[in-house]
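Trainee: I have a new model open. How should I read it, feature by feature?

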Amino acid sequence: MTESVAPRTKRAMTAATTARLMAAARDAFATQGFANVAAEALTAELGLTRGALYHHFGGKEGLFAAVVRALEDDIAAQLTALWDAAPNPAAGLAAVCEGWLDLACDSGLQRILFRDAPAVLGPRASALDGEASRAALTAAIAAVPNPGDEPRDDEALARLLDAALGDLALWIAASDDPPATRARAGRALDRLLAGLDLVPRPPAKIPGIP
């Protein structure tokens, strides 16, 4: 029995240590920025050695990448909730896109995801969940009825929309006035979705009936 309990205890201790490091790092990276966070200070504050950081994450960059992945998972859950709460697929797609732009106004996310991640992780920053986000957008667009007579390339539209949303988020995050830039981005997004026939069209008027 001792042999079976010991591994479980060790796993629990490992999970607790990684969770503490992740929580502290997320706060530190959001408030101080990656470059200003000292690994020694971070671990010392938690009563851990620097070796614990390297053992679990391979170093500060590995810890940062883990924080980014966790944030992406949190964001995915939030956007999924917006989709699920929408009355129809078109409204759900619009809500998800608007929700993503709203997240770009969060100062902590701005620093971690939109400023530091591209500089620290390079191409890995977009590769962490790029394919997953495009696949989700493709599925969302596919659920929106096609009002036209011609076939619609949902994957191509998803890639176009994904690129636009990413650039708009970076624009908001780098702005001196994020709320004002967010408003401008929202208006542009409305026009883009309408131009792509991804928002509900008003019902056609019947001649002679106002």
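## Reading the model

Mentor: Start with cysteines. A disulfide needs two cysteine sulfur atoms within 2.5 Å. By this rule the count is zero disulfides. Keep in mind that this is a predicted model.

Trainee: How far can I trust the coordinates?

Mentor: Check the confidence. Where pLDDT is low, the predicted coordinates should not be read in detail. Here the mean pLDDT of the protein chain is 86, and 87% of its residues reach 70 or more.

Trainee: Which elements have the lowest and the highest mean pLDDT?

Mentor: Helix α7, residues 123-127, has the lowest, with a mean of 62. Helix α10, residues 178-195, has the highest, at 95.

Trainee: What do the totals say about burial and contacts?

Mentor: Of the 210 residues in the protein chain, 37% count as buried. Among contacts with a separation of 6 or more, 69% come from residues 24 or more positions apart. The protein chain exposes about 12000 Å², and carbon and sulfur atoms supply 58% of that area.

Trainee: How many aromatic pairs are in the whole structure?

Mentor: A search finds four. Take F29 and F34 among them. Their ring centres are 5.8 Å apart and their planes meet at 25 degrees, so this pair is stacked. Planes under 30 degrees apart count as stacked. Both F29 and F34 are buried.

Trainee: What kind of pair do F34 and F64 form?

Mentor: Look at the angle again. F34 and F64 are edge-to-face, with 5.1 Å centre to centre and 70 degrees between the planes. F64, like F34, is buried.

Trainee: Why does that pair tie together parts that are apart in sequence?

Mentor: Locate both partners. F34 lies in the loop between α1 (2-32) and α2 (39-45), and F64 lies in helix α4 (residues 60-85), so the pair ties together parts 30 residues apart in sequence. Ring pairs link F29, F34 and F64 into a cluster.

Trainee: Which residue lies over the face of F34?

Mentor: Look for a charged side chain above the ring. K60 lies over the face of F34, 4.2 Å from the ring centre.

Trainee: Now a residue in helix α1. Which residues does T17 touch?

Mentor: Set aside residues up to four places away in sequence. T17 then touches L48 and H56. T17 sits in helix α1. Its relative accessible area is 17%, so T17 is buried.

Trainee: And where is A156?

Mentor: A156 is in helix α9, residues 154-174. Its relative accessibility is 42%, so A156 counts as partly exposed. A156 and T138 are 18 residues apart in sequence, and 8.3 Å apart from C-alpha to C-alpha.

Definitions and conventions: Residues numbered from 1 in each chain as written. Predicted model: local features only at pLDDT ≥ 70, side-chain atom pairs only at ≥ 80, totals over all residues. Heavy atoms only, no water. Buried < 20%, exposed > 50% of the residue type's maximum accessible area, 1.4 Å probe, protein only. Contact = heavy atoms within 4.5 Å. Areas by Shrake-Rupley, 256 points an atom, 1.4 Å probe, with all protein chains shown as cover. Phe/Tyr/Trp six-rings, centres within 6.5 Å; stacked < 30°, edge-to-face > 60°. Helix = DSSP H or I, 4+ residues; strand = E, 2+ residues; numbered from the N terminus. Lys NZ or Arg CZ within 6 Å of the ring centre and 35° of its normal. pLDDT = per-residue confidence, 0-100.
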